[in-house]
Amino acid sequence: MKIIIFFLGIISLISCGKKPQTFSDNKYNLINVKGGKFVNKNSNMYGKQVFIHDFLIGKFEVTQKEWTEIMGKNPSHFKGDTFPVEMVSWYDCIEFCNRLSIKDGLEPFYIINKEEPDKENKSEFDDKKWLVTFNIKSTSYRLPFEIEWEYAASGGQESKNFFFSGGNKIDDVAWYWVNSGEKKLEGNWHWDVIKKNKNRTKTTGSKVPNELGIYDMSGNVREWCNDWFSDFDVPAGKVKVQRGGGWMGSEERCKTSNRHFFEANGFGPDQGLRLCRSIH
């Protein structure tokens, strides 16, 4: 059984439970998520003494159009304005968040030092190791913390105890290895079969949303979170958390309780992001 090491001190980073702000410019479709304890009985944090404060999270995964408008280029393998951006590393994503914040006149959440290596980064494969700290007073754009991601994906206070984000019938709510290609696949997961079937990302928001009106938190692309991943086998400081499965992911990977990870400097055609903001 894995140790779920979510964020010592993260609760203090999220919010203090005050009346939610209203944002006049909500062009990025942020959903106001009401906080509380975990309701979904299938969640890793159900029954634990954890309280989530209110926060904002993207209704959709960040699209290639949104990314290109801010970053000036589209790194994605599967091109299309309405498809989620992919082929982006964790470092790419935090730079995107900062640039978006600056564009909207907000104080960036991430303080990035590219000259001084992060002593907490123990990865032997990460060639960047930027020293990144959080401006906890900022309410600007950022990645979700893992605990926020799972809370929102599992339905928050509106949860109906689904295994996947939005339902128990995965084909209704997720693009994953079975249904994201030219034809519906059967049998066991196999990469050669997936590749031959031309599986790929799909337009964001084209499946059923979850209880909070959020789309694609199961399937389409895996989503980066702020946290270092850790459990019995993986010490903190080696890899960053990713959640949600993806177009090539198995059913198990697409469950809202499933935790996975990747190198912070790594990227792939099934790795994207979803915006988040704190509420103070």
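Which residues are linked with Glu146 in a network of salt bridges? The network joins Glu146, Glu150, Arg243 and Arg259. A salt bridge here is a side-chain nitrogen of Lys or Arg within 4 Å of a carboxyl oxygen of Asp or Glu.

This is a predicted model, in which local features need pLDDT of at least 70 and side-chain atom pairs count only at pLDDT 80 or more, while totals for chains, interfaces and linings use all residues. Residues are numbered from 1 along each chain as its sequence is written, and side-chain values use heavy atoms, with hydrogens and water left out.

**Salt bridges**

Side chains of opposite charge can pair when their charged atoms come close. The structure contains eleven salt bridges, including those in the table.

| Pair | Closest N and O atoms |
|---|---|
| Lys65 and Glu69 | 2.6 Å |
| Glu148 and Arg142 | 2.9 Å |

Helices (H or I, at least four residues) and strands (E, at least two) are DSSP runs, numbered from the N terminus. Both Glu146 and Arg259 are buried; buried means under 20% relative accessible area, exposed over 50%, and partly exposed in between (1.4 Å probe, protein chains only).

The pair of Glu148 and Arg142 also forms a salt bridge. Glu148 is buried, with a relative accessible area of 0%, and Arg142 is buried with a value of 0%.

Lys65 and Glu69 both sit in helix α2 (residues 64-71), where they are four residues apart, about one turn of the helix. Lys65 is partly exposed, its relative accessible area being 43%.

**Cysteines**

A disulfide is a covalent bond between the sulfur atoms of two cysteines. In the model the term is applied to a pair of cysteine sulfur atoms within 2.5 Å. How many disulfides does a search of the whole structure find? The search finds zero.

For Cys93, the closest cysteine sulfur is that of Cys97, 6.9 Å away, which is too far for a bond. Cys93 is buried, with a relative accessible area of 0%. Cys254 is likewise in no disulfide, and the nearest cysteine sulfur, in Cys225, lies 15 Å away. Cys254 is buried, with a relative accessible area of 0%.
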